[in-house]
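Subject: Handing over the structure

Hi,

Have a look at it first, then read on.

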Amino acid sequence: MIDLLKSLIDWDAQPRRLVEAGTPIIASGEPTRLIFCLEDGQARDDDGHDYGAGELLLVCEALALDHYRTSVAALAPCHLVAIHQDVLESGLKRGGRLVWPLSRSIASDITRRRLAG
């Protein structure tokens, strides 16, 4: 996933965060304007899904909702890239006018099904 993102946005210009083990990365209720990519470390969400290097955290929620519904915590020290949603939107729109709305629509469907149980 990181390789795809690097082709869409200026990867090196994105801010980084270091989160210690046991610390929340994303809190339920937090605005989805930042999407986090795990460069290194391990994390787990409230549903028990584990994340490793190269994964986007809760990307469907970030694209479908205004606020995260699920929390994610660091299981080990995590190096994160914080991508502002506007940056991702601009990158995706370079792929065509419909890429951004289609991405959000797919993410919304996935999120709705997951949250419904």
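How many of the 7 residues of strand β8 (residues 78–84) are buried? I'd start there. Keep in mind while you browse that this is a predicted model. The count for β8 is 5 of 7, so the strand is largely enclosed by the rest of the structure.

Now for the neighbours of β8. Strand β1 (residues 16–19) runs antiparallel to β8 and is joined to it by 4 bridges. If you want a pair to click on, L18 has H79 in β8 as its bridge partner. Strand β3 (residues 34–40) also pairs with β8 in the antiparallel sense, this time over 6 bridges. There, F36 stands opposite A82 of β8.

Put together, these strands belong to an open sheet of 4 strands with antiparallel pairing, in the order β1-β8-β3-β6. The edges are taken by β1 and β6; each has a single partner strand, so one side of each is left without a neighbour in the sheet. From one strand to the next, the twist averages 35°. Helix α3 packs on this sheet, where it touches β3 and β8, and its direction makes about 65° with that of β8. As background for looking at the strands, side chains in a regular strand alternate between the two faces of the sheet.

While you have α3 on screen, follow it to α4. The axes of α3 (residues 85–93) and α4 (residues 99–116) come within 8 Å and cross at roughly 120°. That angle makes α3 oblique to α4. On the α3 side, the residues that meet α4 are Q85, L88, E89, L92 and K93; on the α4 side they are V99, W100, S103 and R104. Sorted by class, this contact has 4 nonpolar, 2 polar and 3 charged residues.

There is another open sheet to find. It has 4 strands in the order β2-β7-β4-β5, again with antiparallel pairing. Its edge strands are β2 (24–26) and β5 (50–51), each of which pairs on one side only. Inside that order, β4 (residues 43–45) and β7 (residues 72–74) pair in the antiparallel sense over 3 bridges.

My last stop is T70. You'll find T70 in the loop between α2 (59–64) and β7. Is T70 buried or exposed? Its relative accessibility is 4%, so T70 counts as buried, the cut-off for that being under 20%. The T70 side chain makes a polar contact of 2.5 Å with the side chain of E61. A further polar contact, at 3.4 Å, joins the side chains of T70 and R114. Leaving aside residues up to four places away in sequence, T70 touches I26, S28, D45, D46, D47, L58, E61 and R114.

L58 sits in the loop between β6 (55–57) and α2. The phi of L58 is positive, about 50°, although L58 is not a glycine. With a relative accessible area of 7%, L58 is buried.

That's my tour. Over to you!

Conventions:
Residues are numbered from 1 along each chain as its sequence is written. This is a predicted model: local features need pLDDT of at least 70, side-chain atom pairs count only at pLDDT 80 or more; totals for chains, interfaces and linings use all residues. Side-chain values use heavy atoms; hydrogens and water are left out. Two strands pair if DSSP finds at least two bridges between them. Helices (H or I, at least four residues) and strands (E, at least two) are DSSP runs, numbered from the N terminus. Axes are lines fitted to C-alpha atoms, for helices over the stretch in contact, and angles run from 0 to 180 degrees between N-to-C directions. Angles under 35 degrees count as roughly parallel, over 145 as roughly antiparallel, 65 to 115 as roughly perpendicular and the rest as oblique. Contact means heavy atoms within 4.5 Å. Ala, Val, Leu, Ile, Met, Phe, Trp, Tyr, Cys and Pro count as nonpolar, Asp, Glu, Lys and Arg as charged, and the others, Gly among them, as polar. Buried means under 20% relative accessible area, exposed over 50%, partly exposed in between (1.4 Å probe, protein chains only). A polar contact is a pair of N or O atoms within 3.5 Å; within protein, one must be able to donate a hydrogen and the other to accept it, and residues adjacent in sequence count only if both atoms are side-chain atoms.
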